[in-house]
Amino acid sequence: MDMHSGHGGDDGASCKISMLWNWYTIDACFLSSKWHITTSGMFAATCIGVILLVMLVELFRRLGKEYDAFILRQFQRESARRYADDSSFGSQVITFRATLLQQLTRAVLHALTFGSAYIVMLLAMYFNGYVIICIFIGAGLGKFVCDWLEVKIDMDGGRDDKQPRGIEEPSVCCG
């Protein structure tokens, strides 16, 4: 069953919104009555924007992982320098805790990732086939561009990594 909501403009046009699978293009609305598709060009721009938004989610994920790896490498270098001459202790455990600025940066990256993924989820809830296909395209392109697989192999001692490195979770939406 279609639900029509008023556009809110002077022209009296209405948005086509459905909680069932649909292929609406003209008069479709997304997230607000102000995002009212009135031309084919506007719908094409919406599709391109959705693809770019999903790619942005993948970029934010990658930036979060890269930043975590960066601050960990930074800590490991500092620890190696600081404790290099200290062989009298034998085996020791050093605990790393992010600084306030590092944790703030991690939190901002997470909020950007989570927020943009949530907007993508809201767009998917319009059940528009074209938009959902664009979400899939954006996820594939985002993975291709932002998460190139890289495995380092130490030819003398076997693999450096336990498993190939990539983004482990398919979505940040619910976890």
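This is a dialogue about reading one predicted protein model.

Trainee: Where do I start? How many helices and strands does the protein chain have?

Mentor: Start with the overall layout. This model is predicted, so keep that in mind throughout. The protein chain has three helices and six strands. Along the sequence, the pattern runs β-β-β-β-α-α-α-β-β.

Trainee: What share of the protein chain counts as buried?

Mentor: Of its 175 residues, 26% count as buried.

Trainee: Now cysteines. What is a disulfide?

Mentor: A disulfide is a covalent bond between the sulfur atoms of two cysteines. This structure holds one. The partners are Cys-15 and Cys-29, with 1.8 Å from S to S. Cys-15 sits in strand S2, residues 14-18, and Cys-29 in strand S3, residues 29-30. The two are 14 residues apart, and the pair links distant parts of the chain.

Trainee: Which hand does the link of Cys-15 and Cys-29 have? Are the two cysteines buried or exposed?

Mentor: The angle about the S-S bond is -65°, and the link is left-handed. Both Cys-15 and Cys-29 are buried.

Trainee: Cys-134 is in a helix. How do I read that helix, H3?

Mentor: Compare the span with the expected length. H3 covers residues 129-146, which is 18 residues. From first C-alpha to last, H3 reaches 25 Å, close to the 26 Å expected. Next, look at the start of H3. There, a side-chain oxygen of Asn-128 comes within 3.0 Å of the backbone nitrogen of Tyr-130.

Trainee: Which residues of H3 are buried?

Mentor: They are Gly-129, Val-131, Ile-132, Cys-134, Ile-135, Gly-138, Gly-142 and Cys-146. Take Cys-146 as a case. The cut-off for buried is under 20% relative accessible area. Cys-146 has 12%, so Cys-146 counts as buried.

Trainee: What do the buried residues of H3 pack against?

Mentor: Their partners are S3, helix H1 (40-83) and helix H2 (100-124).

Trainee: Then H2 is next. How many residues does H2 have?

Mentor: H2 has 25 residues. The helix reaches 36 Å from its first C-alpha to its last, close to the 36 Å expected. Its buried residues include Gln-102, Leu-109, Thr-113 and Ser-116. Ala-117, Val-120 and Leu-123 of H2 are buried as well. The cover over the buried residues of H2 includes S3, strand S4 (32-36), H1 and H3.

Trainee: Can we look at single residues? Where is Ile-71 found?

Mentor: Ile-71 is in helix H1. At 4% relative accessibility, Ile-71 counts as buried. To find partners, set aside neighbours within four places in sequence. Ile-71 is then in contact with Phe-96, Gln-102 and Arg-106. Ile-71 and Thr-99 are 28 residues apart in sequence, and their C-alpha atoms are 9.7 Å apart in space.

Trainee: Which side chain does Glu-78 join through a polar contact?

Mentor: Glu-78 also lies in helix H1. Its side chain joins that of Arg-81 in a polar contact of 2.5 Å. Glu-78 has 30% relative accessibility, so Glu-78 counts as partly exposed.

Trainee: And Ser-18: buried or exposed?

Mentor: Ser-18 is buried, with a relative accessible area of 3%. The residue is found in strand S2. A polar atom of the Ser-18 side chain lies 3.0 Å from the backbone nitrogen of Leu-20.

Key
Residues numbered from 1 in each chain as written. Predicted model: local features only at pLDDT ≥ 70, side-chain atom pairs only at ≥ 80, totals over all residues. Heavy atoms only, no water. Disulfide = S-S within 2.5 Å. Helix = DSSP H or I, 4+ residues; strand = E, 2+ residues; numbered from the N terminus. Buried < 20%, exposed > 50% of the residue type's maximum accessible area, 1.4 Å probe, protein only. Expected span 1.5 Å × (residues − 1). Contact = heavy atoms within 4.5 Å. Polar contact = N/O pair within 3.5 Å; in protein donor to acceptor, adjacent residues only side chain to side chain.
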